[in-house]
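Colleague: I would like to learn how to read a model of this kind. Please take me through it feature by feature.

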Amino acid sequence: MNKDDIKHLAHLSRLHLEDDEAEAFTHQFDEIVAYVDKIKEISSDLGSDIIESNEVRNVLREDIVVSYQNPENIINEAPSHSDNFVKVKKILNQ
């Protein structure tokens, strides 16, 4: 992008830019575009490696059941309970 393009975008955005500001934005914009191109290049390199690999692996942790408290204690401490269930107020109407 050149200085005129930056000034045009500023006009469309209803921003007032001096010539030196537009020139500075031109250089900054070029740096941003170069950085985005570099990210695209890295992303495409990684993407091709992932696509070519047929290895399937679980990246999640293993589920482990941990009992911290006796369920009977929880039920007995509830304000209202019946059998092995805690009673709660009805919150949905049909």
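Colleague: Which residues does Thr-26 touch, not counting residues up to four places away in sequence?

Modeller: First, the ground rules. This is a predicted model, in which local features need pLDDT of at least 70 and side-chain atom pairs count only at pLDDT 80 or more, while totals for chains, interfaces and linings use all residues. Residues are numbered from 1 along each chain as its sequence is written, and side-chain values use heavy atoms, with hydrogens and water left out. Contact means heavy atoms within 4.5 Å. By that rule Thr-26 touches Met-1, Asn-2, Lys-3 and Ile-6.

Colleague: Is Thr-26 buried or exposed?

Modeller: Buried means under 20% relative accessible area, exposed over 50%, and partly exposed in between (1.4 Å probe, protein chains only). Thr-26, in helix H2 (residues 19-52), has a relative accessible area of 7%, so it is buried. Of the 94 residues in the chain, buried residues make up 7%.

Colleague: What pattern does the chain follow along the sequence?

Modeller: Helices (H or I, at least four residues) and strands (E, at least two) are DSSP runs, numbered from the N terminus. Here there are three helices and two strands, in the order α-α-α-β-β.

Colleague: What is found at the start of helix H1?

Modeller: Look for a polar contact, which is a pair of N or O atoms within 3.5 Å; within protein, one must be able to donate a hydrogen and the other to accept it, and residues adjacent in sequence count only if both atoms are side-chain atoms. At the start of H1 (residues 3-12), a side-chain oxygen of Asn-2 comes within 3.1 Å of the backbone nitrogen of Asp-4.

Colleague: How many salt bridges does a search of the whole structure find?

Modeller: A salt bridge is a side-chain nitrogen of Lys or Arg within 4 Å of a carboxyl oxygen of Asp or Glu. The search finds one. Lys-7 pairs with Asp-19, and their closest N and O atoms are 2.9 Å apart. Lys-7 lies in H1 and Asp-19 in H2, so the pair ties together parts that are twelve residues apart in sequence. Lys-7 is partly exposed at 29% relative accessible area, and Asp-19 is partly exposed at 43%.

Colleague: Which residues make the nonpolar surface patch?

Modeller: Patches are made of residues with over 30% relative accessible area and no salt bridge; like charges are joined within 9 Å, and nonpolar side chains (Val, Leu, Ile, Met, Phe, Trp, Tyr) within 5 Å. Areas come from the Shrake-Rupley method with a 1.4 Å probe; for residues, only the protein chains shown count as cover. Met-1, Leu-9, Leu-12, Phe-29 and Val-33 make a patch of about 410 Å². H1 and H2 each supply at least two of its residues. Leu-9, in helix H1, is partly exposed at 39% relative accessibility.

Colleague: Which residues other than glycine have a positive phi?

Modeller: Most residues other than glycine have a negative phi. Arg-14 has a positive phi of about 60°; Arg-14 lies in the loop between H1 and H2 and is exposed at 76% relative accessibility. Asp-83 also has a positive phi, near 55°. Asp-83 sits in the loop between strand S1 (81-82) and strand S2 (85-86), and is exposed with a relative accessible area of 67%.
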